[in-house]
Amino acid sequence: MSLDAASAPLSVNFRKLQSRYSSIVSSELRGNDPAFQQSLRDALSLCDLALLQVIQLNVFSKNEILDDVNTGDMKFLLLGFYRGEMLLRIVDQPPDHSKRIKVLELALAGLRGFIDDLERLEALPKLAKESWESLSSESVDAGTLRTQKIARVKAAKAAQQRMAALAQQLNSKEPDEDTDELEREHVVLLLETCCHTALDSIRSAEQELDMLQKIEKMKLPDGNLPAREVSKADQSDGGGLKMITLMPQTIQKMGDPRRDPKSRLSYATAMQQLHTGVIPGLYTLSVEEGMRDDEAQRALAEARRMEEASARAEARQIEEEEDEDNENARRKLIARDEYRENHTRGAGNRKNRS
């Protein structure tokens with residue numbers, strides 16, 4: 001952070017931050033590129049300075065709603081969102097789970113704070129409020145979350161289209177014209193689109209944080225993860241009885257059947273051990289346990305297939321709805337042009353002339 005930024009007004013620092021955030025989001029550099037990570041940290045320092053200025057200037061009051069906030073101050077509500085989104089892009093080299101957990105916690109604090117501020121100001125859109133309540137609930141099902149996400153994607157797209165139209169109107173206005181109403185609507189729509197993005201980021205960050213915390217709990221005192229148990233399939237070099245490897249103590253008691261023909265197991269005993277899975281001195285699963293394990297693996301694989309199919313169906317549904325919206329918009333434009341061609345302005349008045 002430079003001395004110029006520390007002495008600059010809040011509005012100037014916010015414009016610089018907004019520009020840097022846009023360049024970060026649209027950057028083509030890899031996430032772990034040193035230049036990209038350095039630009040992230042510089043932008044985060046500027047964001048922290050702007051947040052400190054907002055607190056020192058008492059920009060927002062606890063007992064006001066969004067209608068009471070000045071149009072020029074509304075954009076500062078985005079600072080928590082920008083901070084959370086940039087923190088999620090921080091990558092440590094080499095990767096460190098404990099550091100990543102702290103970064104995720106800070107990012108979630110910023111994103112949740114952004115949503116809480118909008119809710120306190122009574123500025124949280126209806127669709128976003130429903131999704132926010134669902135994320136806070138432990139009993140919501142995946143189908144509900146998917147339906148809500150589809151609705152929010154459509155709402156965000158409509159808001160972005162309206163923002164583009166407002167931007168054109170603002171650019172066409174004369175410098176001395178009053179544009180406060182247009183600017184206010186533009187900021188409200190920007191808050192809405194960022195709100196939908198924040199909700200998706202919160203859900204993915206919570207899932208990543210939960211996974212990393214579970215990994216940390218599994219670690220041994222020396223910091224390493226417990227060794228994975230090697231299955232019979234990993235040790236086998238063939239099928240059938242070749243998969244069975246006797247423990248050394250078993251061979252000592254029974255003798256090595258490959259060397260001593262007299263010590264070989266009878267056919268009935270070998271078949272009993274093969275079918276039951278119970279072999280003296282050999283730690284393995286019984287047939288029933290193996291069947292249960294296979295059934296559990298098949299269930300997990302089926303669940304993954306269903307989840308992937310659901311994700312593909314969701315993407316197709318969003319694409320079809322977007323195509324339908326575009327087709328409806330095209331039809332409206334055609335109908336409007338045809339109406340104008342068939343109903344020339346002022347044609348009805350000429351009929352009244354004597």
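Colleague: Is Phe14 buried or exposed?
Modeller: Phe14 is buried, at a relative accessible area of 0%. Buried here means under 20% and exposed over 50%, with partly exposed in between, using a 1.4 Å probe and protein chains only. Bear in mind this is a predicted model: local features need pLDDT of at least 70, side-chain atom pairs count only at pLDDT 80 or more, and totals for chains, interfaces and linings use all residues. Residues are numbered from 1 along each chain as its sequence is written, and side-chain values use heavy atoms, with hydrogens and water left out.

Colleague: OK, how many aromatic pairs does a search of the whole structure find?
Modeller: Six. Rings of Phe, Tyr and Trp (its six-membered ring) pair if their centres lie within 6.5 Å; planes under 30 degrees apart are stacked, over 60 edge-to-face, the rest tilted. Phe14 and Phe76 make an edge-to-face pair, 5.4 Å centre to centre with 85° between the planes.

Colleague: Which parts does that pair tie together?
Modeller: Phe14 is in helix α2 (residues 10-25) and Phe76 in the loop between α4 (71-74) and α5 (79-87), so the pair ties together parts 62 residues apart in sequence. Helices are DSSP runs (H or I, at least four residues), numbered from the N terminus.

Colleague: And Phe76, what's its relative accessible area?
Modeller: 6%, so Phe76 is buried.

Colleague: New topic: what lies over the face of Phe76?
Modeller: Lys75, at 4.9 Å from the ring centre. The cut-offs for a charge over a ring are NZ of Lys or CZ of Arg within 6 Å of the centre and within 35 degrees of the ring normal.

Colleague: Which residues do ring pairs link into a cluster?
Modeller: Phe14, Tyr21, Phe76, Phe81, Tyr82 and Phe114.

Methods:
Helices (H or I, at least four residues) and strands (E, at least two) are DSSP runs, numbered from the N terminus.
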